[in-house]
Amino acid sequence: MRPIAVGNAFRRLASKIISSSIVPQSKSLFLPFQFGVGVSGGSEAVVHSLRSFVQSNIDKDTAILKIDFKNAFNLVNGAIILNSILENFPEAYYYILQSYGTPSFLAFGENCIHSQRGVQQGDPLGPCLFSLFIQPLISSLKSQFNAWYLDDGTFAGPPSVVENDFIKIIENSHKFGLELNFSKCELFFLNNQSVVSNRLTKVAPSIKILPLEQLFLLGAPIQNSNIHEAIESKINSLSLMYSRLSLLSAHQSLFLLKNAISIPRLSYLLRCSPCWQNIHDLQMYDDILKSALEEITNSKFNENSWSQATLPIYMGGIGFCSAVKLSLPAYLASVNSTASLISLVIPGIDISNLTSYERAKHSWCESYDPEPRQNESHKQSEWELSMLQKNFNTLRDSFDNIYDRSRLLAAACESSGKWIEALLASSLGTLLDNDC
């Protein structure tokens, strides 16, 4: 059972205010192991770090273990949370004591359940409290690679060290009120499968020992061979949503497709993985997106009109980013923005020596110029700017007559595309009918 226990707006607001005060301070406490609290791009950093670790240790006898706790947030020991808060953030102690010092009453039909364990689902302080609670355990592990995103833990290194760390977690989890879900724990080997796996299967009989090709972390593939599978899953999801858009009006469909269904669903994968190497798969994604837009607008797009549609609104487009064009700047920006975090997980690493990053930079230099300045290379918008400006100039120069060029420039004028950004509200007159 996962109760949504925090429903009061004032309670949530108070927690959010306190969270904004203690979370920035907590980063120095959690790093370099916990990346799920107050760390911008934390999940991306963990994925990039593990991919780099795998590339560097592919010929070594190395084990990788992903662990999973059963219903972790709802099972943590409240007394340990209170002691941790008192020790690290005494200014927040009395508020946390008021929230978790006594059982909460949860209404379930006609019954009343006493919530006596865990951090309450919906509490903005929940992730910070959980991470603070488990920090002593994860910081005591000895594995060469040790990175967590909230309750998703990944550690890797020599098989014997990984085995010892896993046994340590098993032995100590009960003290914290946690329970491992062995059937969802996954073990991988970079070289030969070690005898350690035999010992681990005795301790955790239902643990999964999988080939390296099936290694995914936080929803992103670690091996380049798995990127096709990840994009294919996104293609299937987009196709399903595309088939359902016909149930809505054209303006509603356009708004949802642009802001929620198309590139927003793909952006994380593009940033975490070198998807720019899978152009064919990304082109399939773009083709479905183009078909959806054609059906919504009841129009056919030729090469030029589709190129214009994929420009941002301030350049005369509709703001439908192309997955093919976005993949390279998204990946480059992500690696640059998380470089300092990657070096915390893998000390001494130089991102410029990473194989995928080096190839991405080479590919960028072949197609676009210039690169963003060093202090701006972490911004995806800066990488996109050079690409978009080149695409705009190419499109403008491709028109044979002055009328087509004038129409593009007019569409790029300030306020020309503001209607596309307007929230849909029939009472305000901003919800257009299908003919409009």
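Here is a short tour of some side-chain contacts in this predicted model. Residues are numbered from 1 along each chain as its sequence is written, and side-chain values use heavy atoms, without hydrogens or water. Because this is a prediction, local features need pLDDT of at least 70, side-chain atom pairs count only at pLDDT 80 or more, and totals for chains, interfaces and linings use all residues.

**Stop 1: rings**

Select Phe166 and Phe182. They form an edge-to-face aromatic pair, 6.2 Å centre to centre with 85° between the planes. (Rings of Phe, Tyr and Trp, the last by its six-membered ring, pair if their centres lie within 6.5 Å; planes under 30 degrees apart are stacked, over 60 edge-to-face, the rest tilted.) Is Phe166 buried or exposed? Phe166 counts as buried, at 0% relative accessibility, while Phe182 is partly exposed at 21%. (Buried is under 20% relative accessible area, exposed over 50%, partly exposed in between, with a 1.4 Å probe and protein chains only.)

Next, pick Trp364, Tyr368 and Trp383, which form one aromatic cluster. Trp364 and Tyr368 are both buried.

**Stop 2: charges**

Now show Lys66 and Glu186. Their side chains meet in a salt bridge (3.2 Å, N to O), that is, a side-chain nitrogen of Lys or Arg within 4 Å of a carboxyl oxygen of Asp or Glu. Both Lys66 and Glu186 are buried.

Move on to Lys70 and Glu179, another salt bridge, at 3.3 Å, N to O. Lys70 is partly exposed at 35%, and Glu179 is partly exposed at 36%.

Finish with Lys290, Glu294 and Lys300: salt bridges that share partners join them into one network.
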